[in-house]
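Subject: Predicted model with a ligand, for your review

Dear colleague,

Please find the structure below, together with its sequence. I would be grateful if you could read it alongside the notes that come after it.

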Amino acid sequence: MVELGIKVKDLNFRWANGDFVIKSCSLEIPKGELWMLLGTNGSGKSTLLRLLAGLLAPESGYIQVLHPVGFVFQNPDHQLVMPTVGADVAFGLVEEKLPITIVRARVQEALKEVNLLSLQKRPIYGLSGGQKQRIAIAGALARQCKLLLLDEPTALLDPDSQIQLVKSVRQLVDKQEITALWVTHRLDELDYCDGAFLLEKGLLVDRGEPKRLKKRLMRLRE
Ligand SMILES: Nc1ncnc2c1ncn2[C@@H]1O[C@H](COP(=O)(O)OP(=O)(O)O)[C@@H](O)[C@H]1O
Ligand SMILES: [Mg+2]
């Protein structure tokens with residue numbers, strides 16, 4: 001049997017007094033794969049990611065995900081809290097009360113994985129959007145996350161940093177057997193994933209082969 005990174009069955013969610021925004025959602029992502037989630041604004045992508053991360057509680061349904069879970073938001077400035085790169089990556093480890101030598105090793109290893117080791121002592125404010133997103137990912141790696149949820153991580157990036165970021169997540173998924181779900185509306189990113197989902201008004205209306213979904217969405221946008 002295939003080991004799963006995410007398993008969701010018959011998930012339903014609504015905001016207080018509102019209509020359902022996630023409707024009978026069922027999906028599976030094999031462990032160690034990178035899948036993408038597409039859909040128009042307001043279709044429920046961020047809500048679904050928050051449900052998967054346990055940040056929201058479903059009305060009904062079943063969610064099973066690998067832990068720990070790392071979350072990367074669209075705007076890294078809402079996520080990075082410490083003054084320097086190294087301190088920020090270490091910040092996520094505070095709860096674990098690890099010995100300082102282990103913290104240092106984990107931070108260095110994580111920064112190496114995202115090619116930012118040379119920036120460890122640098123202040124965060126001067127860095128580019130792409131570098132900041134890689135710091136957020138390093139924070140998840142330092143916590144040894146098995147599942148990475150990324151909510152439009154490239155929305156604020158220029159095309160070069162965009163492709164660089166998706167390539168580096170592809171490499172991490174392959175190398176470390178991390179499972180990742182990546183929300184995007186940029187169709188060129190579909191070239192880097194193992195599969196994709198299409199969400200429409202809270203319903204998963206298509207899933208599978210990224211090339212086919214890319215064609216379907218390209219036709220819709222013409
Ligand atoms: N905190 C909230 N309270 C009430 N409704 C919300 C909240 N956040 C999002 N919504 C609504 O839930 C629906 C899905 O939103 P969202 O998951 O953010 O969509 P997407 O990420 O696909 O753009 C939208 O109709 C949105 O207006
Ligand atoms: Mg969203």
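The notes below take the conventions, then the ligand, the salt bridges, a surface patch and some backbone features in turn.

This is a predicted model, in which local features need pLDDT of at least 70 and side-chain atom pairs count only at pLDDT 80 or more, while totals for chains, interfaces and linings use all residues. Residues are numbered from 1 along each chain as its sequence is written, chains are lettered from A and ligands numbered from 1 in the order in which they are written, and side-chain values use heavy atoms, with hydrogens and water left out.

The ligand

Ligand 1 has an oxygen atom 2.7 Å from a polar backbone atom of G42, and an oxygen atom of the ligand is 3.2 Å from a polar backbone atom of S43. For G44, a backbone N or O atom lies 3.0 Å from an oxygen atom of ligand 1. Taken alone, ligand 1 exposes 560 Å², of which the protein buries 55%; accessible areas come from the Shrake-Rupley method with a 1.4 Å probe, and for residues only the protein chains shown count as cover.

Salt bridges

If a salt bridge is a side-chain nitrogen of Lys or Arg within 4 Å of a carboxyl oxygen of Asp or Glu, how many salt bridges does the count come to? The count by this rule is 13 salt bridges. One of them pairs R14 with E59, the closest N and O atoms being 3.0 Å apart. R14 lies in strand β1 (residues 4–14) and E59 in the loop between α1 and β4 (60–65), so the pair ties together parts that are 45 residues apart in sequence. R14 is partly exposed at 36%, and E59 is partly exposed at 44%.

D191 and K214 also form a salt bridge, with the closest N and O atoms 2.8 Å apart. This pair links distant parts of the chain, D191 being in the loop between β7 (179–183) and β8 (195–200) and K214 in helix α6 (residues 210–221), 23 residues apart. D191 is exposed, with a relative accessible area of 51%, whereas K214 counts as buried at 19%.

In a further salt bridge, between R216 and D206, the closest N and O atoms are 2.8 Å apart. R216 sits in helix α6 and D206 in strand β9 (residues 203–208), 10 residues apart. R216 counts as partly exposed at 27% relative accessibility, while D206 is buried at 11%. Salt bridges that share partners also join E3, K31 and E177 into one network.

Surface patch

V81, M82, F91 and V94 make a nonpolar surface patch of about 350 Å². Patches are made of residues with over 30% relative accessible area and no salt bridge, like charges being joined within 9 Å and nonpolar side chains (Val, Leu, Ile, Met, Phe, Trp, Tyr) within 5 Å. V94 lies in the loop between α2 (85–91) and α3 (100–113) and is exposed, with a relative accessible area of 56%.

Backbone features

The peptide bond from H67 to P68 is cis, with omega near -5°, and P68 is placed in the loop between β4 and β5 (69–72). S24, in strand β2 (residues 20–30), has phi near 45°, a positive value in a residue other than glycine. K97, in the loop between α2 and α3, has a positive phi near 50° and counts as exposed at 73% relative accessibility.

Definitions and conventions
A polar contact is a pair of N or O atoms within 3.5 Å; within protein, one must be able to donate a hydrogen and the other to accept it, and residues adjacent in sequence count only if both atoms are side-chain atoms. Helices (H or I, at least four residues) and strands (E, at least two) are DSSP runs, numbered from the N terminus. Buried means under 20% relative accessible area, exposed over 50%, partly exposed in between (1.4 Å probe, protein chains only).
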